[in-house]
Amino acid sequence: MKSNEQFEFKKLDAGDFEEFEALLRYAFQVSSYEMSRIGWSDKEMKQSKKPIFDASYVLGWFYKGHLASQIVVYSMEVNIRDRICKMGGVTGVATYPEYTGRGLVHSLIKKSLEHMRREQQYISFLCPYSIPFYRKQGWEIVADKMTFSIKDTQLPKHHAVEGQIERVPAEHEDIRRVYKYFALQQHGVLIRGDLEWEEYWRWESDDIMAAVYYTKEEKPLGYVIYYIENEVFQIKEMIWLTQEAKYGIWNYISAHFSMITKVEGANYTGESIAFQFEDSEIDETIRPNVMARIVDVERFLEEYSFQFEDDKLKLYFRISDPAAPWNNGIFHVSWQDGKTVCEKVDSHGSAPLIEMDIQTLTVMLMGYKRPTYLYNNDRIRMEYYLLPTLESLIPPEKPYFSDYF
């Protein structure tokens, strides 16, 4: 039985990259076969991880000088209610099997949250390998991935549009332009810089294709990224800024009628798309896609875009957080001169409390579940008469998150 005294904690640097990459490969079982399928060599695999490693805050526990457990915090930006916020993307969480059961990952998570708070990353996202595990650490589901399958006979009829769709190289600049405008107006979306776009294309084969919809003035307003395999039109991502662009893209997909038997893809809006089709008996499945957690309650609430400000309204939230002690306690929220003011207090006096854990607060403010739903499922403890106030304060839009990291 190894003593924890033999473990050393430290921030990883360039000299630790080989061990970092080896632990990733072991933990996530990235096989040589999978790399060869997309035409990658072992050297290319290592090179692909180096930019993320260099750009991230990587913590680890070492045993006898060798890496035993690690966590990566990748600095990103995300649109939260029309505000571009710093976000700590948690990834690369891994421990060799012989070192499990010692609380190494738990301690790494707490230290990473401290780092995010210092860096003013007041919210954190991750793509979970275990939802129960991350729930215990304060993360919760905030967005879904809805996959769909549409038979060729169910494709929408042609809609007349004034613009034209054009096939372009997969990494065409107009795709980035459309996504940028989309990300600036859609709640929950990751803001993609050069490194995020590199990660977006990381595991795609050379068969990937793209088409951009242009208005008659040649302005790009939508795109579809896809490939065709075994008579299936596989959509990786489809984004439009206007209904015209949406119709133009579906016209393009439907024009493949003679080449395909069905269309498959994913929808990240949190809403079914079946209603939009004349034949709505399409196959749809839903699964959790991404988890998030508020890192700093006080600062997040002050920056949050509530639907209205009322100088007479005062709310008291009691929050519990298993991994970030600064979030445990009572938070007084009020509005002064059109700004939200939040402060941690010792007492709420005779005012009613709104009590919940950090997971529920995150889900509610992100819009994944409404206050009434959370109250009815015993996730919020409060006086019932306050529910309409919460419902009117929090915007209704659900998060859209289509990236994986």
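Threonine 360 lies in helix α10, which covers residues 358–366; helices (H or I, at least four residues) and strands (E, at least two) are DSSP runs, numbered from the N terminus. This is a predicted model, in which local features need pLDDT of at least 70 and side-chain atom pairs count only at pLDDT 80 or more, while totals for chains, interfaces and linings use all residues. Residues are numbered from 1 along each chain as its sequence is written, and side-chain values use heavy atoms, with hydrogens and water left out.

Threonine 360 counts as buried because its relative accessibility is 0%, where buried means under 20% relative accessible area, exposed over 50%, and partly exposed in between, for a 1.4 Å probe and protein chains only. Its side chain makes a polar contact with the side chain of aspartate 357, at 2.8 Å; such a contact is a pair of N or O atoms within 3.5 Å, and within protein one must be able to donate a hydrogen and the other to accept it, while residues adjacent in sequence count only if both atoms are side-chain atoms. When neighbours within four places in sequence are left aside, threonine 360 is in contact with Leu374, Arg379 and Ile380, contact meaning heavy atoms within 4.5 Å.

Strand β14 (residues 329–336) is largely enclosed by the rest of the structure, because six of its eight residues are buried. It pairs in the antiparallel sense with strand β13 (residues 314–320) over six bridges, and with strand β15 (residues 339–345), again antiparallel, over seven bridges; two strands pair if DSSP finds at least two bridges between them. Arginine 318 has isoleucine 330 in β14 as its bridge partner, whereas valine 333 stands opposite cysteine 342 in β15. Two residues separate β14 and β15 in the hairpin that they form, and aspartate 337 in the turn has a positive phi of about 55°.

Finally, the largest nonpolar core has 111 residues, and those with the most contacts inside it are Phe125, Met364 and Leu365; a nonpolar core is a set of buried Ala, Val, Leu, Ile, Met, Phe, Trp, Tyr and Cys residues joined through side-chain atoms within 4.5 Å. Strand β3 (residues 66–80) gives the most to this core, with nine residues.
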